Amino acid sequence: MLFLRLTLLFAIIVAVLTPMTTLAAEQEELTTEQKYEKRLELYQKMESVTTIPWAYFAAVDTYERGLRRSQKDLPKEEGLVAIYYSEDEWAGQLNPDKKDTNPISIEFFGGVGLDGDGDGLADRTNDEDILYTFAHYLESFGFTEEDFRIALWEKYQRVQSVNITYGHAKVYQKFNTLDLDDHAFPMPLRHNFSYNNTWGDRRGWGGRRIHEGTDIFANYNVPIQATAYGVVEIKGWNSYGGWRIGIRDLDNIYHYYAHLSGFEKGIEEGSIVSPGDVIGYCGSSGYGKPGTQGKFPPHLHYGMYRDNGYTEWSFDPYPSLKNWEREARKKK
Ligand SMILES: [Zn+2]
C-alpha cells in the first residue's frame with residue numbers, strides 16, 4: 001500500500017515537473033537559426049493580425065535585445081522576444097499586484113499589458129502577449145513609416161534611439177530575413193595590410209585624446225569594405241577622421257571608418273550595406289580642414305562604438321578584426 005502511494009506520489013511529481021523541465025530544455029537547445037525562425041513566425045503572425053509590418057517588430061525587438069546586453073539593470077529576456085516592459089508599466093503603477101496577469105484589473109489600474117495569445121492572461125513574460133501589447137501601442141499612432149517614427153520617439157524620447165531602430169527596420173525590409181549575423185574583414189585579403197592592437201594609446205593631434213580604434217595600414221586606394229549588415233549613418237568630412245563613414249549594425253554598434261581617400265559611388269547616408277560591400281578607399285585624409293591629406297601614412301582607422309540607449313562608448317575593435325580576418329581566411 002505504502003509502495004503504491006509512493007509510486008503514485010512519484011508519478012504526480014514527475015507529471016508536474018516534466019512539462020516545465022522539457023520547456024526550459026527546449027528553449028536552451030534552440031540553435032540560432034531556429035530562434036530566428038521562431039521569432040520571424042511570431043512577428044509575421046502579429047503582422048497578419050495587426051497589418052503592422054513584421055520588420056517594425058523585428059527592429060524594436062532587436063534594438064531592445066541590444067539594450068538588455070549593454071544595460072546592467074535590465075534583466076535578460078526570458079523568451080524569444082526582448083521588448084521590455086517594467087512591472088509598473090505592464091500591470092499599472094497603482095496596481096497592488098505587480099505580477100498581475102488579469103487583463104481586466106491591469107486595464108483598471110492603467111497598465112498596458114494585453115493578452116495576445118488568447119489564453120485569458122496578460123503575461124509580461126509571454127512572447128505573444130508582449131508583441132501584441134507593443135503592436136497595440138504602434139497601432140494607436142497609425143501605420144505609415146512616419147507614424148512608426150513618432151511612436152518610437154514617444155517610446156524612447158531620444159533621436160538616436162529612433163534613428164537606430166528605424167534603420168534596423170530598413171535593413172530587415174531589404175533582406176527579408178533575421179539571419180544577418182555575417183561579418184567581413186574591412187579589406188580584401190589579397191591586399192597587403194598590417195595592424196596591431198593600439199586601442200587606448202595616446203594621440204597628440206587636436207588635444208589629449210586616446211586612440212579609439214585600430215589602425216590598419218595598407219596602400220592608397222585599397223578598397224574598404226563594410227564589416228556588417230547595416231545602415232550608413234554618417235558620411236563626409238571630420239577634422240580628425242578626414243573622409244569618414246559611420247555604419248550602424250543590428251547589434252546597435254557603430255562602425256567608424258576614417259582617413260579614406262574617397263567614397264564608393266552610390267554609398268550615401270541611409271544606404272543599406274552587406275558585409276564585404278565596398279564603401280570607400282584607403283587614404284591619409286584628416287587632421288585639418290576638408291581635403292587635408294598626407295599628414296601620416298595611409299591607413300584605415302577602424303573604430304567600434306556601442307549604443308546603450310543613453311549614450312555611446314568606444315570599445316576595442318581588435319578582437320573582432322582578428323576574428324573576421326580568421327573567418328575570411330577559412331572561407332578562401
Ligand atoms: Zn587610428
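Modeller: Two residues are in contact if their C-beta atoms, placed from the backbone, lie within 7 Å. The model discussed here is predicted.

Biologist: How do you know that domain 2 and domain 3 are in contact?

Modeller: By that criterion, 14 residues of domain 2 are in contact with 12 residues of domain 3. The centres of domain 2 and domain 3, taken over C-alpha atoms, are separated by 33 Å. Domain 2 covers 31-175 and domain 3 covers 193-331.

Biologist: Which elements give two or more residues to the side of domain 2 that touches domain 3?

Modeller: These elements are α3 and α8. Helix α8 supplies the largest share, eight residues. By class, this side of domain 2 comprises four nonpolar, eight polar and two charged residues.

Biologist: Which residues make the contact of α3 with α8?

Modeller: From α3, the contributors are Ala55, Tyr56, Ala58, Ala59, Val60, Thr62 and Tyr63. From α8, they are Ile164, Thr165, His168, Ala169, Tyr172 and Gln173.

Biologist: What makes up the contact of α3 with α8 by class?

Modeller: It has nine nonpolar and four polar residues, with no charged residues. Tyr counts as nonpolar in this scheme, and Tyr56, Tyr63 and Tyr172 are among the residues making the contact.

Methods: Residues are numbered from 1 along each chain as its sequence is written. This is a predicted model: local features need pLDDT of at least 70, side-chain atom pairs count only at pLDDT 80 or more; totals for chains, interfaces and linings use all residues. Helices (H or I, at least four residues) and strands (E, at least two) are DSSP runs, numbered from the N terminus. Domain bounds come from an automatic or database domain assignment.
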